[in-house]
Amino acid sequence: MQPLKIFTIKKAISKLKAINEDKLIVVDESNTIRIFNLTELKLDGGFKINLPPNRPFSNSVDISNDGKNLVMTIPKKNKAVIWSIETKRLKHSIGWHKGEIESVAFDYKNRYVATGGTDGRTHLWNIDTGKMVGNLAPHSDYVTAIAFSQNSLWCATGSYDKSISITNISSMQFAYKMRIHSTMITKIKFLKNFRMVSGDKEGNIVISNYTKGKVEKRVHKLPDVVVDFTFDLNEKYMFATTKNKNLFLYDLKTYEQLTDQFIKVNSTITSLEFIPDLMYLAIGTEDGILYIYDLLSDEKELEQFIEEKKYGKAYELVTKNPLLKESISFTHLEKIWENSINKAQKLLEKGQKDVAEQILKPFMSIPAKRLFIQTIFKDFADFEKFKTLVLKKKYPLAYSLANKYPTFKQTSYYKHMEKEWKKAFTVARQLMFDRSKEDYIKQILLPFRGVPEKTALIQSLSTEKEIYKLLKQKFANKDFKGFFELINRYPFLANLDEYENAISFGEKLHNAAQNALKKGDYAQVLKYTKILENFPMFEQDAKRLKNKAMILANFMQLIANKEYDKVYEFVQKEPFLEEIDDFKKLEQNWENKINKAEQYSAIGDVKHILETLKHYMKIKEKLPKIGELIKAAYLYQILSKLKEEVDDKLIEKGIRNYIKIFGVDLEISDLITLAQKSGRKIDLSNIEEGERMFWYKNHLPNNIFE
């Protein structure tokens, strides 16, 4: 695949971000920001930030989802900056770390930025205020990667300590720590359907369910450090890269590696970005080259090969670019192959081998197709014999030959033979209870005696008459439990029309249950699944649908009754409820209130935080988040006084009051160290220490110095 456009940046590219339908923001190592118009394939603006160079192979730069803000670390300063891309001005300088900031990330809703440091700590910051609003579970080593879920409810932090921590940032409840890698985490990204992808220093990529903490798949290991990965719009494919300059392509349904050389460039790749509306892939490199690839560009070449009947070249192109399997052209190509095979088989039936060879000749250069074609011609060497046997009604020998050469089963002669069997057997079944017709039944079934797959059914007409009758009754009465028990005891019954009809009915019922679930008709789902549970092939799925319907029915009842405490407990147990519209509305109301409370927290206004969130104080799941905001407000009150000429006793009182409510944590320890370094005399002996989990049981003063 050839690039659509190449731009020379000269400096190593640190970050690529697609915005809207046709914009690409590029950040290079020297902190120059460029904005490209991808429709016109030209530079459309930019600016430079006068800061020390960033680190291209780290996660030290990120761009918000709306393209309005940029965050980057400042080496050796223990700080990061939030920069407005719109105004090209500094918005905030942030940092509460005891070491350099290693990694940064924006959430999808453009509300927060998270910073992870060499101190193992991760802080959450409000983009608008530039103030800290929460602290995530610490790691024992550098925090090297951060990512937010697409609904912005979860945050994952990866570390040099080989672990990944998962936190629900809507409630600020720490969920768990995953130890699924054997070395440093280099990259984390979230997918839909509760999946998360993480890569490490040794080339391992792991897909896991982040709500359950379970590994779904460890994909084919890469040969070097995992640098970056990105996904197509429908998340069918993953593009991944390492320091070995290759681009690897994975199928996200099977998790198989499709190719290890999807695209190869001349320099180490530092950043990847998929542009969904244009179906472009942007690649940034260490030597400052920006490549823009049109992932559908090969389709024109594919169309040309098809038009020229160069099918070998066409399939070779699809092998190199598996994404072409999603194209209309590939569907057309497969249809041509299917039609060619059908035509060839009909010609072979007529003995026109030369014409059949001519039709299939364009496919002979394709290894997989060639083998199939050779098998057909080899099989058809005995076709005349098979044809004669069918015409002479020597069915036992004909079926034996068809079993030896499976391609015969696609021919009109085999289909004719099967049609004759069905017709004869149907008549036999209709007459089986009439004793005067026994000789007639034997006569019409005589050609099929000696056919192994028919023998059990023929014998059963005389020995198992009552079973047929019973099976028919059970089907008519929709007693599917008894129906399938009978099939299980007498497997030959699976060859009857009743079995096919039952399976067809089950499939329709299964589809109806799924549609009812989508419409919210939970009573109907329970009605359908009660029947469907009697079908062995649908039993597990029926139980799943039934369970989901019951959960949703109970959940909607809780919302209707405004039992929000139980609603959030329910969602914690069943994370799929996060995607229900009614829950999203609840969360939107919560986010609106939290946003106001965070504004108050930024100025240390505890009174208005409590007033704004008073209705949520009864919801257990929300208490940790509220506590983080109040804690942050008190910290900023103390920090503000530390900068003033006030009595040391006042500072000491504030710190003591804080510890009485929240206990000793890393943040208050930082302020104690800061106070002591500035020469303040703080006596914290005989201090009363509270518990962070039960902060709400304490008296909460508006001012921590009260």
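**Exercise 1. Is Lys-454 buried or exposed?**

Solution. This is a predicted model.
- Step 1: Lys-454 is found in helix α10, residues 452-463.
- Step 2: check its accessibility. The relative accessible area of Lys-454 is 8%. Buried means under 20%. Lys-454 is therefore buried, because its relative accessible area is 8%.
- Step 3: list its contacts, leaving out residues up to four places away in sequence. Lys-454 touches Tyr-399, Glu-418, Trp-421 and Phe-448.

**Exercise 2. Work out which residues Thr-242 is in contact with, leaving aside neighbours within four places in sequence.**

Solution. 
- Step 1: locate it. Thr-242 lies in strand β23, which covers residues 237-242.
- Step 2: read the accessibility. Thr-242 counts as buried because its relative accessibility is 0%.
- Step 3: collect the contacts. Beyond those sequence neighbours, Thr-242 is in contact with Leu-222, Pro-223, Asp-224, Val-225, Val-226, Val-227, Phe-248, Thr-268 and Ile-269.
- Step 4: take the pair Thr-242 and Val-227. They are 15 residues apart along the chain, and 5.0 Å separates their C-alpha atoms.

**Exercise 3. Describe how strand β10 sits in the structure and how β10 pairs with β11.**

Solution. 
- Step 1: count the buried residues. In β10 (residues 101-106), 6 of the 6 residues are buried, so the strand is largely enclosed by the rest of the structure.
- Step 2: find the partner. β10 and strand β11 (residues 112-117) run antiparallel and are joined by 5 bridges.
- Step 3: pick out a facing pair. Phe-106 stands opposite Val-113 in β11.
- Step 4: examine the connection. The two strands form a hairpin with 5 residues between them. In the turn, Asn-110 has a positive phi of about 60°.

**Exercise 4. Give the strand order of the open sheet of 4 strands, and name its edge strands.**

Solution. 
- Step 1: write the order. The sheet reads β18-β19-β20-β21, with antiparallel pairing.
- Step 2: find the edges. β18 (185-190) and β21 (214-218) each pair on one side only, which makes them the edge strands.
- Step 3: From one strand to the next, the twist averages 25°.
- Step 4: look at one pairing. β19 (residues 195-200) and β20 (residues 205-209) pair over 5 bridges, in the antiparallel sense. Ser-198 has Val-206 in β20 as its bridge partner.

**Exercise 5. Characterise the largest pocket by its volume and its lining.**

Solution. 
- Step 1: state the volume. The largest pocket holds about 1,000 Å³ of space.
- Step 2: find the residues at its centre. Of the 46 lining residues, Lys-17, Asn-65, Tyr-108, Lys-189 and Glu-273 are the closest to the centre.
- Step 3: trace the elements. β2 gives the largest share, 6 residues.
- Step 4: sort by type. The lining divides into 22 nonpolar, 12 polar and 12 charged residues.

**Exercise 6. How many cavities of 30 Å³ or more does a search of the whole structure find?**

Solution. 
- Step 1: count. The search finds 1 cavity of that size.
- Step 2: give the volume. The largest cavity has about 70 Å³.
- Step 3: name the lining. Among the lining residues are Arg-111, Tyr-112, Ser-152, Glu-587, Trp-590 and Lys-625.
- Step 4: find the main contributor. Helix α17 (residues 581-602) gives the most to this lining, with 4 residues.
- Step 5: sort by type. This lining has 5 nonpolar, 2 polar and 4 charged residues.

Methods. Residues are numbered from 1 along each chain as its sequence is written. This is a predicted model: local features need pLDDT of at least 70, side-chain atom pairs count only at pLDDT 80 or more; totals for chains, interfaces and linings use all residues. Side-chain values use heavy atoms; hydrogens and water are left out. Two strands pair if DSSP finds at least two bridges between them. Axes are lines fitted to C-alpha atoms, for helices over the stretch in contact, and angles run from 0 to 180 degrees between N-to-C directions. Buried means under 20% relative accessible area, exposed over 50%, partly exposed in between (1.4 Å probe, protein chains only). Contact means heavy atoms within 4.5 Å. On a 1 Å grid over the protein atoms alone, a cavity is a set of points where a 1.4 Å probe fits but cannot get out, and a pocket is an open set with protein on both sides within 12 Å along at least five of seven lines; lining residues have an atom within 4 Å of a point. Grid points are joined across faces, edges and corners, and a volume is the space filled by probe spheres set on the points. Ala, Val, Leu, Ile, Met, Phe, Trp, Tyr, Cys and Pro count as nonpolar, Asp, Glu, Lys and Arg as charged, and the others, Gly among them, as polar.
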